[in-house]
Amino acid sequence: SNGRLLREGPFDDVWIQPASGDAGGAVGVALALWHRYLGQPRTSAERRGTWTPRIRPTGSSALAPYADEMQASLLGPRFSDEEIAAWLDGRNITSERIPGPELPAVVARLLADGHVIGFFQGRMEFGPRALGCRSIIADPRSPAMQSVLNLKIKFRESFRPFAPAVLRERVAEWFELDYESPYMLLVADVAPSRRVHPAADTEQRVGLDKLKVPRSIIPAVTHVDDSARIQTVRRADNPMFYDVIAAFEALTGCPVIVNTSFNVKDEPIVCTPEDAYRCFMKTEMDALVLESHLVLKP
């Protein structure tokens, strides 16, 4: 519905509050108190003159600023490298500490080699989506990855889809979208140039058999109707997550990774290092990144 509003609706620009359910009521209460009871003006980036519409002018390669003052919705707790080191050492958990500038390339190599990674960085996301700080990430080019993630890690039905996280400046090259979707709330089709044409007999398949037919060169994030639920990533919002995707592109030519929430079925998204480690150990994830600490399974 959000994607249709963007494509077909009467609006020049669309912004969707990422936790627009019961949790989002807290944002509404805070704004109401600020404006109605404290007498503060209802301001926005648009009114301050620092915002322009998010759609790029035709032929422009520059990204316009956009009026998302939630700045990727990273409002939760964070844990320092020192806190994580103390927690790991206190439990005799073997890890390797990788300097921050080197971490994206290390993670990208693990992804390209087919490993599934629990990725724990910075402040936790506010809202229902993991956006690169409490995420499970993987290679979208693998035809088997959707099934592997569902059955061996998320412990849920094998048909459940996964979302692509894509560099904002590359999104129009891979999807029929050239727009901000920082909260994974817009669906658009995979670009025709990235699709593959199934054999004629595969169109006769029904039910779960349809999932076995690759429909694009990123099959792990492509729905059976060639669409995908997209997260666009700007470096200004989440530098480490952006750098991991950029390093993956440098290695593979693909500026897209699988991003799903760091949890298993019927459990909330992990918040603390202990939550993350417990989830890591009870699934078949291959690696865990806790800030700059890398934990590998034999």
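A residue counts as buried under 20% relative accessible area, as exposed over 50%, and as partly exposed in between (1.4 Å probe, protein chains only). By that rule, 46% of the 298 residues of the chain are buried. This is a predicted model: local features need pLDDT of at least 70, side-chain atom pairs count only at pLDDT 80 or more, and totals for chains, interfaces and linings use all residues. Residues are numbered from 1 along each chain as its sequence is written, and side-chain values use heavy atoms, with hydrogens and water left out.

**Whole chain.** Switch to cartoon. The chain has eight helices and nine strands. These are DSSP runs numbered from the N terminus: helices are H or I with at least four residues, strands E with at least two. Contact means heavy atoms within 4.5 Å. Of the chain's contacts with a separation of 6 or more, 66% join residues 24 or more positions apart.

**Helix α3.** Select residues 81-90. Which residues of α3 are buried? They are D81, I84, A85, W87 and L88. Now turn to the face away from the buried side. Exposed there are E82, A86, D89 and G90.

Next, show what covers the buried residues of α3. The cover includes β1 (96-97), β2 (117-120), α8 (273-281), β8 (287-290) and β9 (293-296). Then step past the end of α3 to N92, where phi is positive, near 55 degrees.

**Second largest pocket.** Its space is about 360 Å³. A pocket here is an open set of points on a 1 Å grid over the protein atoms alone, where a 1.4 Å probe fits, with protein on both sides within 12 Å along at least five of seven lines; lining residues have an atom within 4 Å of a point. The volume is the space filled by probe spheres set on the points, which are joined across faces, edges and corners. Select Q146, S158, K210, L211 and K212: of the 20 lining residues, these are the closest to the centre of the second largest pocket.

**R7.** Finish in helix α1 (residues 2-8), which holds R7. Is R7 buried or exposed? R7 is exposed, with a relative accessible area of 51%. Beyond its neighbours within four places in sequence, R7 is in contact with V187 and A188. Lastly, pick the C-alpha atoms of R7 and L177: they are separated by 9.2 Å, though the residues are 170 apart along the chain.
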